[in-house]
Amino acid sequence: MSEIVLDEVTKVFDDGYEAVKDLSLDIADGEFVILVGPSGCGKSTALRMIAGLEDISSGELKIGDEVVNDRSPKDRDIAMVFQNYALYPHMTVRENMGFALSLAGVDKAEIDQKVEEAAEKLDLVQHLDRKPANLSGGQRQRVAMGRAIVRDPKAFLMDEPLSNLDAKLRVQMRTEVARLQSDLGTTMIYVTHDQTEAMTLGDRVAVMRAGVLQQVGSPEELYSSPRNLFVAGFIGSPAMNFMPAEVSDGKIHLPIGAVDPAQIDGLDLPSQGKVVAGIRPESFEDAAIVPDETKNERGVIFEADIDLVESLGSDLYAYFHIASEGVQSEQLADLVGERLAETGAAGRREGEEQIVARLEPTSKVRRRQRAELWADTAKLHLFDPESGARI
Amino acid sequence: MKVGAREYSLWTIAIAIVLIFALVPVLWLLSISLKPPSEITDGRIIPAHFSLENYKSLFEGGWSDSPFLHPLVNSIVIALITTAVAIILASFTAYAIARLEFPGKRAILAGALAIAMFPPISTVGPLFDMWRAIGIYDTYLGLIIPYLTFSLPLAVYVLVAFFREIPWDLEQAAQVDGATPWQAFRKVILPLAAPGVFTAAILVFIFCWNDFVYAISLTSSDDSRTVPAALAFFTGESTFTEPTGSIAAAAIVVTIPIIVFVLIFQRRIVSGLTAGAVKG
């Protein structure tokens, strides 16, 4: 167990591509930190640098107060779980899990004991003498974790360990990972592209984009006060809705109505000019459900033609369009793929922006009908359209 | 895939033709080797009388006088040494080529291919002179060196293909688990490449075992002459009889180790050994 400190760590590949730029991150002893971002954001490269599988081009990496830049992976005392598990196919589960210990010259009886203990934790006891080829995906995944925990290393590194599992198993293993980490109390760095995984697992989440760290914080912090458009768009599912807005006459003019800036805390609003407004789906509500005193106190009421309603039982998602020229931002462009996959914004047309609202299941909003909706403007996020930074 | 009856019978005929083409000469050889010397030229496929006379003649006289025993031992020793050395060197080379980035990597592969394609006969003359000059003419070493030259590229090619198949991640997992590069190679990579290693070993062994050109040119006595060359020096009962029977018997005997070698290692060449290593 040890803290891990990255100080302006940079990775430049031979072809000149900068995969990770000046990454600084302090990970406390026993902390569970998630590196999250879309594919190609450098999160895996960062993890592999910590593991020692990639050289560090510049900057300093410390594990437990020792600079380990030039140490080979075997001398860093860290365990890693690979995305594809990387189990040794010619060894049994027992041998796989005991491999590190046997390399370290631990005696046979102790290896057996530790492997048995780990196997018990992971419910693998009856599979110890089988080969990886004969295990199911979930079992292989557990063996990969078992191989890491028998060693009692300084830190666990996990490279998208759940991405090869089916959806149901993934949720189950996610809980398993969280339980394991809190039981063992070992520092863990976990890489994923799945923001749900990041939000549910981590003590702290570090969001990366194009090799640059965007924001580090607790899941709540990232959710409630994203530092820029990218983080705002990446964290949360369904994703935050963005719309262009303009500030004039002391008001924020949104396509759905004008808002008094006084309703929003901690705002340093320019007196004039364009901004980008973000509203999370749950900040919308069916106007009929919202109590009158709340409506009087804050928010805007507007009418919308509902394109589609998805009822999940606990929630109701309503999709509608607003007339808008769209939000142009490099940071959001990076997210387009993710957002399309998530919202399935197929019916996107020129000059319109699709908005998702998460309503109470009791709402009477129906498809292809006009509905009166209320937006909680106290939870409005505003961003600078040029830099993408939070205002 | 469902195979139609018509297609099925066509394939059966095609396979039968190939089998007949390949196996009839061997059967003929076997038949000749089992005939008594007086009936060898009778032209029958199935011998009228079976006799082990020809086989006996091979080993008659024991270690000192048998025309076959020395060459047989030479063949075995030379082929085994060459195979062992070639496999060790080739697995290091192939590993480096498959895993490491270094300048001249392509040149090494291209060079290896060029050497493997080189007609052996063109090197025989120079080798003959060189070996006599440095004193390894008619020695084991004198044969092992050219055999290595030709079999190494072959082994490297086969092994590179196998090493490339092994997921990179496995080796990195081993490194993170605390293995030195050598440990990772020996305990993870090599066991997984075993089918490739055995394939390469069989190919190298067969190449050495079958070679005639070097064996006949670079040896002058039974001290190092291998079987293919020794067969050419067999003598008949008298000056006027061809040693057909004993050559046939010797040919059958030298075939046996190859068959045994392939059968033993064939079991080891199991495909899918790496199944389950990584999700795929």
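**Exercises on a sheet and an interface**

Strand 16 (residues 300-311) and strand 19 (residues 370-375) of chain A run antiparallel and are joined by 6 bridges. The model is predicted; local features need pLDDT of at least 70, side-chain atom pairs count only at pLDDT 80 or more, and totals for chains, interfaces and linings use all residues. Residues are numbered from 1 along each chain as its sequence is written, and chains are lettered from A and ligands numbered from 1 in the order in which they are written.

**Exercise 1.** Find the bridge partner of A:Ile301 in strand 19 of chain A, then place the strands in their sheet.

Solution. Strands are DSSP runs of E, at least two residues long, and helices are runs of H or I, at least four, both numbered from the N terminus. A:Ile301 has A:Trp374 as its bridge partner. Two strands pair if DSSP finds at least two bridges between them. In chain A, the order 15-19-16-17-18 gives an open sheet of 5 strands with antiparallel pairing. Strand 15 (284-286) and strand 18 (352-359) of chain A each have a single partner strand, so one side of each lacks a neighbour in the sheet.

**Exercise 2.** Describe the side of chain B that touches chain A.

Solution. Contact means C-beta atoms, placed from the backbone, within 7 Å. Chain B gives 22 residues and chain A gives 24. Helix 8 (168-176) and helix 9 (181-192) of chain B are the elements giving two or more residues to the chain B side. Helix 8 of chain B supplies the largest share, 6 residues.

Terms used:
Two residues are in contact if their C-beta atoms, placed from the backbone, lie within 7 Å.
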